[in-house]
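Work through the exercises below with the model open. Try each task before reading its solution.

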Amino acid sequence: MILFSIILWAVALALFIIGYLVFGGREGLIHSYHTNKVKDHGGYCKAMGKALLLLSLLLILCGVLALVLPAQWVTVAVFVCLMVGVIPIILVQKRFNGSIM
């Protein structure tokens, strides 16, 4: 499970960097298809950046849990963390773009 934790932490680090940059206003990191109907680009970047930062923190937590929990519980923990992390992204997209696509 150590390798799994390292992979989760690497993905979390990448998401954290992207989330931080988007939070700071780098809207170009998000595909233009998802931003073409957005009117408040600053608010969208702040909200989407926060959602990405949350997802990265949840992945860090899953990496820690993978070191202390049995494998079957790690699977459940990763699934729950991904669902909790993806829901805010979907809600931000729907709120600012009008739809999730």
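## Exercise 1: a loop residue

Thr35 is buried, at a relative accessible area of 8%. Here buried means under 20% relative accessible area, exposed means over 50%, and partly exposed lies in between (1.4 Å probe, protein chains only). The model is predicted: local features need pLDDT of at least 70, side-chain atom pairs count only at pLDDT 80 or more, and totals for chains, interfaces and linings use all residues. Residues are numbered from 1 along each chain as its sequence is written, and side-chain values use heavy atoms, with hydrogens and water left out.

Task: where is Thr35 placed, and which residues does Thr35 touch beyond four places in sequence?

Solution. 
- Step 1. Thr35 sits in the loop between H1 and H2. Helices (H or I, at least four residues) and strands (E, at least two) are DSSP runs, numbered from the N terminus.
- Step 2. Leave out residues up to four places away in sequence; Thr35 then touches Glu27, Ile30, His41 and Tyr44. Contact means heavy atoms within 4.5 Å.

## Exercise 2: the fold

Task: how many helices and strands does the protein have, and in what order do its elements run?

Solution. 
- Step 1. Count three helices and zero strands.
- Step 2. Read from the N terminus: α-α-α.
- Step 3. Take the principal axes; the C-alpha atoms fill a box of roughly 45 × 20 × 15 Å.
- Step 4. Keep contacts with a separation of 6 or more; residues 24 or more positions apart account for 71% of them.

## Exercise 3: the core

Task: which residues have the most contacts inside the largest nonpolar core?

Solution. 
- Step 1. Start from burial: of the 101 residues, 34% count as buried.
- Step 2. A nonpolar core joins buried Ala, Val, Leu, Ile, Met, Phe, Trp, Tyr and Cys residues through side-chain atoms within 4.5 Å.
- Step 3. The largest such core has 21 residues, and Val22, Tyr44, Met48, Val92 and Phe96 have the most contacts inside it.
- Step 4. Assign the core to elements. Helix H1 (2-23), helix H2 (41-68) and H3 each supply at least two residues. The largest share, ten residues, comes from H2.
- Step 5. Follow Phe96. Beyond four places in sequence, its contacts include Lys37, Val38, Asp40 and Tyr44.
- Background: in soluble globular proteins, nonpolar side chains tend to be buried together.
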